[in-house]
Amino acid sequence: MLHLRIIVPSPRTEEAVRLIEKTVGTAHVVVLAGAARDPVGDLVLCDVAREAADELLHELCELKIDQEGSIAVENIDLSLSKRADEAEEEAPGEAADAVLWEQLAEATHEESTLSITYCAFMILATMIAACGVVLDNAILIVGAMAVGPEFGPLAGVCTGVVRRAPKLAVRCLLALLIGFAAAMAATTVFSLGMDALDLFSREQLDNPRPNTSFIWQPDPFSFVVAVLAGVAGVLSLTSSKSGALVGVAISVTTVPAAANAAVALSYGEFAQMWGSAEQLLLNLLGIMLAGVLTLYGQMLLWRTKRGRWVRPGRR
């Protein structure tokens, strides 16, 4: 269940309450007249099953409550209520399959903001991966994959495409490109510095690397794995099962490919650099393609349930 805290302009309170009451999966409606001071209005509280929440939020936004008032959504970790159990049972579908589009857009917006912290994580992850490819250390490669924050912008691009929000898609794409560009440039300088300290060498890069040579030798499986990881990542975001994102992060070789390209560039190994760049591109395209198709599939699935969010006799 989700808890909604809504500030409604007084002239629209009755309309908002009627909307809540006619929506299946809602319970525990409370109206506090004149309780809100900024913005001025009435405070309306209610609980709603996750699978019915997106439709309710959409209808509330149609009333422009998000512009003239406020809508806050919180997860309910525990609800001991027979009425809440009934609301969950009457709501169509399963909670794990539901997509809260506004929540998804907000999450991807936050994760893909081009901030100092975001760039720092990209740079640090790529530098860790650089140590991994030079030392042929799979543990460092896995660690770098987990540290990299690139899935946020990738999910943002997918969300922007499906939601037809070009500003979101372009902003996330810029964050992705600038993040990788900054990380690769910094890692190239890092590699030169490590070489000056005799910690990196061309021989290490040219020697057989059975654990990490796949990074700059892309094959069809690179794209297949990226597609599968993209599906898993989007499902993880939309179902609020964030634990699966760790598995997604260590399934694709975006950060390691960028790191190998940067180290190869520092030594003038252009064959490895272009191979790594191809690996990076395949992974990014595979994830974005899978993400867009998965979100479209989820959208079509829930459209088949349209009309089932209204209680009989309250249309």
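These legends go with a set of close-up views of a predicted model.

**View 1. The hairpin of strands β2 and β3.** Here we're looking at β2, which covers residues 26-37, and β3, which covers residues 40-48. The two strands run antiparallel, and seven bridges join them. Two residues sit between the strands in this hairpin. To get your bearings, find A36 and look across to β3, where its bridge partner is G41.

**View 2. Helix α8, mostly covered.** This helix takes in residues 151-162, so 12 residues by the run that defines it. From first C-alpha to last it reaches 17 Å, close to the 16 Å expected at 1.5 Å a residue. Is α8 mostly buried or exposed? Of its 12 residues, 11 are buried.

**View 3. A salt bridge between E74 and R5.** The count for the model comes to five salt bridges, and this view picks out one of them. The side chains of E74 and R5 meet with 3.3 Å from N to O. E74 belongs to strand β4 (residues 70-75) and R5 to strand β1 (residues 2-8), so this pair ties together parts that lie 69 residues apart in sequence. How covered are the two partners? E74 is partly exposed, at 39% relative accessibility, and R5 is partly exposed as well, at 37%.

**View 4. A salt bridge between R202 and E269.** The closest N and O atoms of this pair are 3.0 Å apart. It links distant parts of the chain, 67 residues apart: R202 is in helix α10 (residues 202-206), while E269 is in the loop between α13 (254-266) and α14 (270-303). The partners fall into separate classes here. R202 counts as partly exposed at 36% relative accessibility. E269 has 18%, and because buried means under 20%, E269 counts as buried.

**View 5. R83, E86 and E90 in one network.** Salt bridges that share partners join these three residues. For the bridge between E90 and R83, the closest N and O atoms are 3.8 Å apart. E90 is partly exposed, with a relative accessible area of 33%. R83 counts as partly exposed too, at 30% relative accessibility.

Terms used: Residues are numbered from 1 along each chain as its sequence is written. This is a predicted model: local features need pLDDT of at least 70, side-chain atom pairs count only at pLDDT 80 or more; totals for chains, interfaces and linings use all residues. Side-chain values use heavy atoms; hydrogens and water are left out. Two strands pair if DSSP finds at least two bridges between them. Helices (H or I, at least four residues) and strands (E, at least two) are DSSP runs, numbered from the N terminus. The expected span of a helix is 1.5 Å times one less than its number of residues. Buried means under 20% relative accessible area, exposed over 50%, partly exposed in between (1.4 Å probe, protein chains only). A salt bridge is a side-chain nitrogen of Lys or Arg within 4 Å of a carboxyl oxygen of Asp or Glu.
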